[in-house]
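Hi there,

Please open it before you read on.

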Amino acid sequence: MKSLVIDSHVHVGFFEEMNISDQQHVYNMNMMGLYKTGLESVQGLFNRCDYAGIDKVILLPMDLTTTTGGCVGTNEQVKKLVEEYPERFIGFASVDPNREDALEVLEYAFKDLKLKGLKLHPSKQRFYPDDPKMDEIYRMCIKYNRPVTFHGGMSVEPDTLSKYAHPMRFEETAYRFPELRMCIAHFAWPWVQEMCMLMLKYSNVYTDTALLYFDNAPEFYHQVFSVDMGPRWIERTFRHQVMYGSDDPRLEQIRMIDAIREMPLRKSTLDMILGQNALAFIGSEV
Amino acid sequence: MVYQGEFDILTSQYNQFIPIGDKVAQEVEKSGIKSGVVYVITAHTTTGITVNEKLECLEDDLLDLLAGFAPEDGTYYHARFLHSYGAMAGNPTGHMKSMITGNHCVFPIVDGKMKLGAAQEIYLGEFDGPQDRTIRITVMGEK
């Protein structure tokens with residue numbers, strides 16, 4: 001039986017079906033730093049997924065209420081997309097942790113909108129993951145058995161300082177909340193070894209493959225996964241903690257998954273990276 | 001007179017040739033021009049417009065030829081982060097293939113119909129798909 005393939009890292013903000021105004025489109029481009037990204041139909045994404053053999057994608061919105069007064073995709077828009085295309089979309093929520101009503105927004109997203117996880121971007125939303133003010137948000141995730149995907153490492157989005165998303169700022173959270181499944185995305189690049197340290201110490205820590213900043217996908221993955229890391233670390237040690245993610249529409253969904261399929265991995269490891277680990281991360285039916 | 005039209009195609013493969021002659025003919029008809037020329041122009045830099053015989057075998061031969069010309073594992077300068085896009089430039093092969101196929105073709109219009117040769121088909125070449133592609137049509141002539 002074919003194992004489910006999930007792209008665990010797809011941004012919303014550019015789908016025609018979201019009825020985005022021109023003004024909102026410009027906002028989304030500027031916030032994401034995707035300056036030439038036009039709107040496309042969800043069918044455009046589905047065509048790419050079909051070609052790449054991807055069954056489902058996790059949609060990640062971004063709530064920037066207290067910094068810029070808007071959202072790149074709202075929780076309600078994600079909910080609507082999931083309702084319309086349940087066979088293709090898994091919806092995550094976003095909440096700006098600096099909102100006074102952050103907990104209410106998050107509980108509504110989990111309880112009423114039935115969103116499957118939370119996306120946070122420490123650099124863009126300007127918070128440290130180990131700030132005690134975050135504890136209640138993490139407890140809410142544990143209460144509803146929902147995972148958190150954090151942006152990790154460098155962000156190429158504008159107005160982002162890397163210090164907020166350095167992997168060392170996640171250790172206290174991983175340590176204090178062992179029931180919280182947390183993905184520190186992008187392998188926390190360039191702090192790949194620190195990311196490996198976290199995954200080695202904490203089984204509740206995941207990462208994803210949404211990183212491609214130099215060269216092409218096979219070359220960059222070789223550099224990161226075989227030079228910066230030991231060439232067998234994923235296969236031997238992290239096979240349950242790495243998820244395929246593309247960062248679509250910024251990076252290269254097709255060429256990145258092709259490069260992963262070309263890596264010298266057991267089929268069972270490949271199946272985990274391409275989908276099974278995402279299912280374990282979400283921890284509920286999709 | 002000059003008529004300007006366009007249509008979109010949602011492609012489904014990373015590389016493919018898609019026949020578009022019927023859609024171009026519809027635009028020619030819409031223009032109402034009886035005698036003149038039609039230009040078929042792609043709006044992109046990783047697609048091509050070309051003319052060839054509509055046969056599966058030839059489509060595959062042409063794709064193989066282009067793949068040999070611009071292999072995916074080649075060493076290209078255009079494999080870097082583009083700040084103006086905020087995204088990676090990962091599609092050098094598409095640009096190379098686009099250069100080879102060109103961005104347009106042109107056909108005569110006689111008695112209100114586009115005049116193709118017996119074996120000719122107009123193709124959109126997709127070289128960085130799947131994507132939403134726009135083809136622009138300019139018809140010039142007399143009604």
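First, the ground rules. This is a predicted model, in which local features need pLDDT of at least 70 and side-chain atom pairs count only at pLDDT 80 or more, while totals for chains, interfaces and linings use all residues. Residues are numbered from 1 along each chain as its sequence is written, chains are lettered from A and ligands numbered from 1 in the order in which they are written, and side-chain values use heavy atoms, with hydrogens and water left out.

Let's begin with the sheets of chain A. Helices (H or I, at least four residues) and strands (E, at least two) are DSSP runs, numbered from the N terminus, and two strands pair if DSSP finds at least two bridges between them. Strands of a sheet pair through backbone hydrogen bonds, either parallel or antiparallel.

One open sheet has 3 strands in the order β1-β2-β5 of chain A, and its pairing is parallel. β1 (6–11) and β5 (89–91) of chain A are at the edges with a single partner strand each, so one side of each has no neighbour in the sheet. From one strand to the next, the twist averages 30°. Strand β2 (residues 56–60) of chain A joins β5(A) in the parallel sense over 3 bridges, and A:L59 has A:G91 in β5(A) as its bridge partner.

Helix α13 (residues 267–282) of chain A lies across β1, β2 and β5 of chain A, at about 70° to β1(A). Contact here means heavy atoms within 4.5 Å; axes are lines fitted to C-alpha atoms, for helices over the stretch in contact, and angles run from 0 to 180 degrees between N-to-C directions.

A second open sheet in chain A has 6 strands, ordered β6-β7-β8-β9-β10-β11, with parallel pairing. Its edge strands, β6 (93–94) and β11 (242–243) of chain A, each pair on one side only. Inside this sheet, strands β7 (residues 118–120) and β8 (residues 148–150) of chain A pair in the parallel sense over 3 bridges, with A:L120 opposite A:F150 in β8(A).

On a 1 Å grid over the protein atoms alone, a cavity is a set of points where a 1.4 Å probe fits but cannot get out, and a pocket is an open set with protein on both sides within 12 Å along at least five of seven lines; lining residues have an atom within 4 Å of a point. Grid points are joined across faces, edges and corners, and a volume is the space filled by probe spheres set on the points.

How much space lies in the largest pocket? About 1200 Å³. Its lining has 42 residues, and A:P249, B:Y85, B:N91, B:D128 and B:Q131 lie nearest the centre. β10(B) gives the largest share of that lining, 4 residues.

There is 1 cavity of 30 Å³ or more, and the largest cavity holds about 80 Å³ of space. Among the residues lining the largest cavity are A:H9, A:H11, A:K119, A:H121 and A:D247.

Finally, chain B has 3 helices and 10 strands. Its C-alpha trace spans about 50 × 35 × 20 Å along its principal axes.

Enjoy exploring!
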